[in-house]
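Dear colleague,

I am handing over the structure that we talked about, with the sequence alongside.

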Amino acid sequence: MQETLNYINENKQRFVDELFELLRIPSISADPAYKNDVLKCADVCAEHLKNAGADHVEVCETRGYPIVFGEKILDKNLPTVLVYGHYDVQPADPLELWKKPPFEPYIEKTELHPEGAIFARGSADDKGQFFMHVKAFEAMMKTNTLPCNVKFILEGEEEVGSVSLGDFVNENKEKLSCDCILISDTHIYSNEQPTVTTGLRGLSYVEVEIEGPNRDLHSGLYGGAVPNPIHVLSRMIAKLIDEDGHITIDGFYDNVEVVSDAERLDMNKLKDNPEEFKKSIGLSGVEGEKSYTTLERTSIRPTLDCNGIWGGYTGEGAKTVIPSKASAKISMRLVPYQTPEEITEKFTKYFEKIAPENVKVKVTPHHGGMPYVLPSDTKEFLAAKQAMETAFDKEVLPYRSGGSIPITAMFEKVLGAKSVLMGFGLDSDAIHSPNEHYGLFNFYKGIESIPLFFENYSK
């Protein structure tokens with residue numbers, strides 16, 4: 001393994017230079033204007049896999065953007081690890097909030113990253129993180145230390161719901177057969193307290209619409225006599241959560257996992273700093289469900305949030321109308337034993353129940369995903385924990401994240417394999433936001449940890 005680490009140290013600058021080339025490609029899957037860039041990025045990823053030593057590298061067509069596949073099968077009797085990542089990125093808007101253009105990567109030192117961080121869209125989510133696996137694989141191949149079989153699957157639609165991935169996996173079960181799946185699309189708690197993610201929340205995402213009068217009305221002629229859809233919608237959303245932070249939807253908590261006192265105690269061993277948490281997001285105080293810590297509220301408890309709300313006139317100047325319609329987007333993060341189908345149905349029934357009779361209600365379900373838990377006594381978790389403890393020279397704790405990666409549950413259902421969520425970013429990396437960045441320390445630690453995971457898991 002020392003030979004592998006030596007190779008990594010000798011090639012650090014080249015690894016960053018090659019990542020910069022990948023980051024310069026604006027592979028925005030949500031915007032059709034960038035279609036050619038997304039396709040170009042797939043081809044570049046395939047070339048990197050070939051150069052690293054992968055066999056049977058393919059850019060596989062789907063009904064959407066292609067999936068890049070490659071593998072190295074040493075011996076069919078050895079375990080096989082499937083590495084997943086995504087090469088598409090979020091839109092960069094609003095552009096005026098970026099210090100420099102989002103697809104012109106650069107390195108800058110920060111308070112959290114004294115060694116420097118790579119600033120660019122996709123640096124942490126997920127190009128910088130999946131590229132760690134490509135370079136770690138290259139290091140193992142060049143030093144003849146790869147201890148097991150490895151397969152790669154890199155998709156181009158993660159940021160738009162992985163719409164083609166499920167079909168591809170179902171149609172290629174034998175090609176993708178594996179013993180475990182390794183994913184770096186999550187973060188650690190901090191560089192001082194590294195963690196392995198053992199849980200992700202699921203998701204139910206809906207759009208709601210309230211319709212009142214059959215057209216926009218003059219607020220002087222009709223005001224005070226008709227329902228205003230913006231007022232009605234606002235009152236209805238306010239009723240969804242009470243003053244104790246409890247979600248009021250009928251039956252919402254029926255199937256919520258009861259986390260043991262022992263696991264809650266372990267979870268809160270993480271060095272939670274409430275003042276630093278508030279400072280990092282510019283707040284003087286936090287709120288949430290009573291009787292739970294901030295760490296618990298953002299991981300083991302379900303949530304409901306209004307993500308956007310609109311209606312009426314929002315342009316320049318004034319237009320005195322009572323709008324005909326008002327709409328909002330609402331997301332609910334789910335915990336084990338809740339399903340998006342169940343929660344979407346309960347939300348719809350409740351929202352319709354609390355609506356006044358003089359308006360029409362429309363609820364449109366969007367994408368959803370199942371929660372996921374990797375028990376901390378599995379060989380997959382222990383292999384990751386030991387690898388990161390060696391690389392960081394610190395104790396590594398299990399950590400449940402509040403985010404969602406719906407594909408993990410799909411992978412387990414179709415391929416029968418557990419996913420190891422071994423991410424190396426920080427929650428302060430501004431993913432999906434202007435000035436996204438990824439620490440050089442984290443990038444290099446990832447490349448060092450991955451060969452150790454392969455070695456531990458193979459044993």
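The model is predicted, so local features are reported only where pLDDT is at least 70 and side-chain atom pairs only at pLDDT 80 or more, whereas totals for chains, interfaces and linings use all residues. Residues are numbered from 1 along each chain as its sequence is written, and side-chain values rest on heavy atoms, with hydrogens and water left out.

Let me begin with the helices. Helices (H or I, at least four residues) and strands (E, at least two) are DSSP runs numbered from the N terminus, and the expected span of a helix is 1.5 Å times one less than its number of residues. Buried stands for under 20% relative accessible area, exposed for over 50%, and partly exposed for what lies in between, with a 1.4 Å probe and protein chains only.

H4 is followed by Asn144, which has a positive phi near 55 degrees.

Helix H12 (residues 379-392), with 14 residues, reaches 20 Å from its first C-alpha to its last, close to the 20 Å expected. Its buried residues are Glu380, Phe381, Ala383, Ala384, Lys385, Ala387, Met388, Ala391 and Phe392, and they pack (contact meaning heavy atoms within 4.5 Å) against strands S7 (180-183), S8 (195-200), S16 (397-400) and S17 (418-421) as well as helix H14 (440-458). H12 is followed by Asp393, whose phi is positive and also near 55 degrees.

The salt bridges come next. There are 25 of them in the structure, a salt bridge being a side-chain nitrogen of Lys or Arg within 4 Å of a carboxyl oxygen of Asp or Glu. One joins Glu18 to Lys135, with the closest N and O atoms 2.7 Å apart; since Glu18 lies in helix H2 (residues 12-23) and Lys135 in helix H4, the pair ties together parts that are 117 residues apart in sequence. Glu18 is buried at a relative accessible area of 16%, and Lys135 is buried at 2%.

Another salt bridge brings together the side chains of Glu58 and Lys175, at 2.6 Å from N to O. This pair links distant parts of the chain, with Glu58 in strand S1 (residues 55-60) and Lys175 in the loop between helix H5 (165-171) and S7, 117 residues apart. Glu58 is partly exposed, with a relative accessible area of 32%, and Lys175 is partly exposed at 25%.

A further salt bridge connects Asp167 and Arg63, whose closest N and O atoms are 3.3 Å apart. Asp167 lies in helix H5 and Arg63 in the loop between S1 and strand S2 (67-72), so this pair ties together parts that are 104 residues apart in sequence. Asp167 is partly exposed at 39% relative accessibility, while Arg63 counts as exposed at 64%. Salt bridges with shared partners also join Arg14, Glu18, Lys135 and Glu138 into one network.

As for the aromatic residues, the structure holds twelve aromatic pairs, where rings of Phe, Tyr and Trp (its six-membered ring) pair if their centres lie within 6.5 Å, and planes under 30 degrees apart count as stacked, over 60 as edge-to-face and the rest as tilted. The rings of Tyr106 and Phe119 have centres 5.3 Å apart and planes at 10 degrees, so the pair is stacked. Because Tyr106 lies in strand S4 (residues 106-108) and Phe119 in strand S5 (residues 117-119), the pair ties together parts that are 13 residues apart in sequence.

Finally, Thr4 in helix H1 (residues 2-10) is buried, with a relative accessible area of 0%. Apart from its neighbours within four places in sequence, Thr4 is in contact with Ala139, Met140, Thr143, Thr145 and Pro451.
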